[in-house]
Amino acid sequence: MIEVINLKKVFDNGFEALKSVNFTIEKGDLVCLLGPSGCGKSTILNMIAGLLTPTSGDVQFAGESVVKTEPKDRNIGFVFQNYALYPHMTTFENVVFPLTVGKKKKTKEEAKEIAEKFMKLTNIEELRDKKPGTLSGGQQQRVAITRALVQNPDVLLLDEPLSNLDARLRLKIREEIRRLVKEVGITTIFVTHDQEEALSISDKIILMNEGVVQQDDDPQNLYLEPANLFVAQFIGNPIINILPVEVRDGQMHYETFSVPVDRFVKERFKAAMPDGKYVLGIRPEDVLPVAGEGAFAATVHGVELIGRERILNFEIGSHHLKSIVSIENEIQEGAELTFDFAYQKAFIFEEDGTRIY
C-alpha cells in the first residue's frame with residue numbers, strides 16, 4: 001500500500017505545485033494520476049520516487065515513511081517519458097544492466113535467466129541484439145518497461161510513457177501495460193494527461209488540477225458522478241454541455257427556455273433547489289432529439305460522424321451544444337429539430353463549480 005499524506009511542494013521560486021494532497025493506493029492496483037499539464041501529477045510521481053523532496057507531508061510504503069529513504073533504496077521501477085535507454089547497449093544489455101549493479105546484484109547466470117524471463121513476457125526476445133537507435137518508439141517502450149520489471153520493484157512508476165507514440169500504437173501498448181502489471185501483480189502509478197488512456201486501463205483515477213486532488217475514484221464514477229464542474233468538464237468526449245441558468249418560482253430559466261426544476265432533482269437529493277444562479281451540465285448523449293414537445297428547438301449547423309454515432313452541433317441562445325445520436329439516425333446539417341433532456345442524468349453546479357445535484 002502507498003499512502004500520500006498532506007503532501008505539499010513549494011519550489012524555490014515560490015510556485016506551490018502541490019497543496020496538501022492525500023490519497024491511498026492499494027497493493028497490486030494500477031492507478032492513474034490524471035490532469036492537465038502543470039497540475040502536479042509528475043511532481044507527485046517524482047516525490048514518490050525520491051527524486052524530489054516534499055516541502056511537508058509524508059509518503060509511506062506499507063505504513064513506513066520513505067521520505068528520507070534514498071531513491072535507490074525504495075525498490076521502485078521508473079519508466080521515463082523519453083525511455084532513458086543506454087544507446088550504446090543492446091536490448092539485452094539494457095534489460096540485464098540493473099541486475100548487475102547495486103546491493104541486489106545477481107550472478108551472471110541469474111541475471112541472464114531473469115532478463116530472458118521478462119523479455120519473453122514483454123515479447124521483445126527478437127530485439128535482443130538490437131540497439132535503441134534501431135528500434136521503433138513502441139519497441140523502445142517495451143524495453144524500458146522490461147528493464148524496470150526485472151528489478152522486481154514493489155512499485156512501478158510510469159511518467160507519460162506513451163506520449164511519444166502514434167495513436168494506434170498508444171492503444172496497443174497501454175493494453176500491454178495493463179496485462180503486464182496485472183500478470184506480475186505490481187502496484188503501478190501511471191501519469192497521463194489523456195483521459196481516454198486513464199479510463200481504459202485504471203483500477204482507480206486520481207484527477208488533479210492546480211495541485212489539488214479533484215476526485216479520487218474508480219473510472220466509471222468520474223464520468224457518472226463527477227465531484228465538481230472541473231471533473232465533469234475534464235472527463236468525457238465530447239465535452240459535457242454547460243449552460244448558465246437561474247432558478248426562480250419553481251422553474252429553471254435559460255435564455256431560450258424554461259422548465260420545471262422538479263424534473264432535474266434526483267431522488268437522492270431531498271432538499272429543494274433554492275432560487276439563484278447555477279450551472280447546468282448535461283452530457284451530449286443526454287440531449288435528445290424528440291418528435292413531440294421538448295425543452296427547446298434548434299437548427300443543426302454541423303454533423304460529425306464517429307463510428308457508430310453522429311454528433312449534432314447547434315446553438316441555443318449564446319451557447320454551443322452537442323447531441324449524440326445513432327449513426328442510423330440520418331440527421332443532416334440544416335435540420336430543424338426539437339430537443340429535450342434526459343433530466344435525471346443532468347448535473348447542477350454552483351457558479352463556483354461545487355456540485356449540488
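**Exercise 1. Find the strand that holds Lys 322, decide whether this residue is buried or exposed, and name its side-chain partners.**

*Solution.* Start with the location: Lys 322 is part of strand β18, which covers residues 319–326. Keep in mind that we're working with a predicted model here. Next, check the accessibility. Buried means under 20% relative accessible area, and Lys 322 comes in at 17%, so it counts as buried. Last, look for partners. The side chain of Lys 322 has a polar contact with the side chain of Glu 304 at 2.9 Å, and another with the side chain of Asn 313 at 2.6 Å.

**Exercise 2. Work out how the rings of Phe 257 and Phe 296 are arranged, and which parts of the chain they tie together.**

*Solution.* Two things describe a pair of aromatic rings: the distance of the centres and the angle of the planes. For Phe 257 and Phe 296, the centres are 5.8 Å apart and the planes make an angle of 25°. Planes under 30 degrees apart count as stacked, and that's the label for this pair. Now place the residues. Phe 257 sits in the loop between β12 (251–253) and β13 (258–260), while Phe 296 belongs to strand β16 (residues 296–306), so the pair ties together parts 39 residues apart in sequence. As for accessibility, Phe 257 is buried at 4%, and Phe 296 is buried at 5%.

**Exercise 3. Find what lies over the rings of Phe 11 and Tyr 86.**

*Solution.* Take Phe 11: the charged end of Lys 9 sits over its ring, 5.3 Å from the centre. For Tyr 86, Arg 147 lies over the face, 5.6 Å from the ring centre.

**Exercise 4. Describe the largest pocket and its lining.**

*Solution.* Begin with the volume, about 870 Å³. Then go to the 29 lining residues: Lys 72, Ile 76, Pro 98, Val 101 and Gln 151 are the closest to the centre. Sort the lining by type and you get 17 nonpolar, five polar and seven charged residues. Finally, β6 (76–79) and α4 (137–149) each contribute at least two lining residues.

Terms used: Residues are numbered from 1 along each chain as its sequence is written. This is a predicted model: local features need pLDDT of at least 70, side-chain atom pairs count only at pLDDT 80 or more; totals for chains, interfaces and linings use all residues. Side-chain values use heavy atoms; hydrogens and water are left out. On a 1 Å grid over the protein atoms alone, a cavity is a set of points where a 1.4 Å probe fits but cannot get out, and a pocket is an open set with protein on both sides within 12 Å along at least five of seven lines; lining residues have an atom within 4 Å of a point. Grid points are joined across faces, edges and corners, and a volume is the space filled by probe spheres set on the points. Helices (H or I, at least four residues) and strands (E, at least two) are DSSP runs, numbered from the N terminus. Ala, Val, Leu, Ile, Met, Phe, Trp, Tyr, Cys and Pro count as nonpolar, Asp, Glu, Lys and Arg as charged, and the others, Gly among them, as polar. Rings of Phe, Tyr and Trp (its six-membered ring) pair if their centres lie within 6.5 Å; planes under 30 degrees apart count as stacked, over 60 as edge-to-face and the rest as tilted. Buried means under 20% relative accessible area, exposed over 50%, partly exposed in between (1.4 Å probe, protein chains only). A charge sits over a ring if NZ of Lys or CZ of Arg is within 6 Å of the ring centre and within 35 degrees of the ring normal. A polar contact is a pair of N or O atoms within 3.5 Å; within protein, one must be able to donate a hydrogen and the other to accept it, and residues adjacent in sequence count only if both atoms are side-chain atoms.
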